[in-house]
Amino acid sequence: MAFGLPGFVHGKKALRRSLSGIKEAALKSSTIPKGYFAVYVGEDQKKRYVVPLSHLNEPAFQELLSMAEEEFGYNHPMGGLTIPCREDIFINITSQLN
C-alpha cells in the first residue's frame, strides 16, 4: 500500500504560505511607528489608539494614566496600556494636545 506523499507535501507548502500571510498581516497591524505608543480606550468595547510619546508630558494625559493605574495597576486586560474612560472623552482630551 502506498501513501500519496507528493500531495501531502504540496498541501503543507500551501498551508505554510497561508500562515506566513497571516503572520505578515498581524505584524503590520501591530507595528507602531517610532515615537508613538498604543493604548486601548473604552468602557465596554476597547479600541486601540496610537498616540505620540509627547502626550506623556501633558498633565491631562497624565491624569488619564493615573486613572489607568488606579483601575488596573500593572495588570491590563488587553495586554497593553488600557485607559478606563469613554472613547469620546479620550478623543476630546488628545485632540486638544496636538
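A residue is termed buried when its relative accessible area is under 20%, exposed when that area is over 50%, and partly exposed in between, with a 1.4 Å probe and protein chains only. By this criterion, buried residues make up 23% of the 98 residues in the chain. The structure is a predicted model, in which local features need pLDDT of at least 70 and side-chain atom pairs count only at pLDDT 80 or more, whereas totals for chains, interfaces and linings use all residues. Residues are numbered from 1 along each chain as its sequence is written, and side-chain values rest on heavy atoms, with hydrogens and water left out. The accessible surface of the chain comes to about 7500 Å², and carbon and sulfur atoms account for 57% of this area (Shrake-Rupley method, 1.4 Å probe; for residues, only the protein chains shown count as cover).

The chain contains 3 helices and 3 strands, taken as DSSP runs numbered from the N terminus (helices: H or I, at least four residues; strands: E, at least two). Along the sequence these elements follow the pattern α-β-β-α-β-α. Contact is defined as heavy atoms within 4.5 Å. Among contacts between residues at least 6 apart in sequence, 44% join residues at least 24 apart.

The strands form an open sheet of 3 strands in the order β2-β1-β3, with mixed pairing; two strands are considered paired if DSSP finds at least two bridges between them. Because β2 (47–52) and β3 (81–83) stand at the edges with a single partner strand each, one side of each is left without a neighbour in the sheet. Neighbouring strands of this sheet are turned by 40° against each other on average, direction ignored. Axes are lines fitted to C-alpha atoms, for helices over the stretch in contact, and angles run from 0 to 180 degrees between N-to-C directions. Strand β1 (residues 36–41) runs parallel to β3 and is joined to it by 3 bridges. Tyr40 stands opposite Thr82 in β3.

Two helices are placed against these strands. Helix α2 (residues 59–72) lies across β1, β2 and β3 and runs at about 100° to β3. Helix α3 (residues 87–97) packs on the sheet, where it touches β1, β2 and β3, and its direction makes about 10° with that of β2.

A nonpolar core is a set of buried Ala, Val, Leu, Ile, Met, Phe, Trp, Tyr and Cys residues joined through side-chain atoms within 4.5 Å. The largest such core has 11 residues, namely Phe37, Val39, Val41, Tyr49, Val51, Phe61, Leu64, Ile83, Cys85, Phe90 and Leu97. At least two residues of this core are supplied by each of β1, β2, α2 and α3, and the largest share, 3 residues, comes from β1. Apart from residues up to four places away in sequence, Cys85 touches Val41, Gly42, Glu43, Leu64, Met67 and Phe90.

Thr94, found in helix α3, is buried, with a relative accessible area of 11%. A polar atom of the Thr94 side chain lies 2.9 Å from the backbone oxygen of Phe90, and the backbone oxygen of Ile91 lies 3.3 Å from a polar atom of that side chain. Beyond its neighbours within four places in sequence, Thr94 is in contact with His55 and Phe61. Gln62, in helix α2, is partly exposed, with a relative accessible area of 38%. The Gln62 side chain reaches the backbone oxygen of Leu56 at 2.9 Å.

Note on methods: A polar contact is a pair of N or O atoms within 3.5 Å; within protein, one must be able to donate a hydrogen and the other to accept it, and residues adjacent in sequence count only if both atoms are side-chain atoms.
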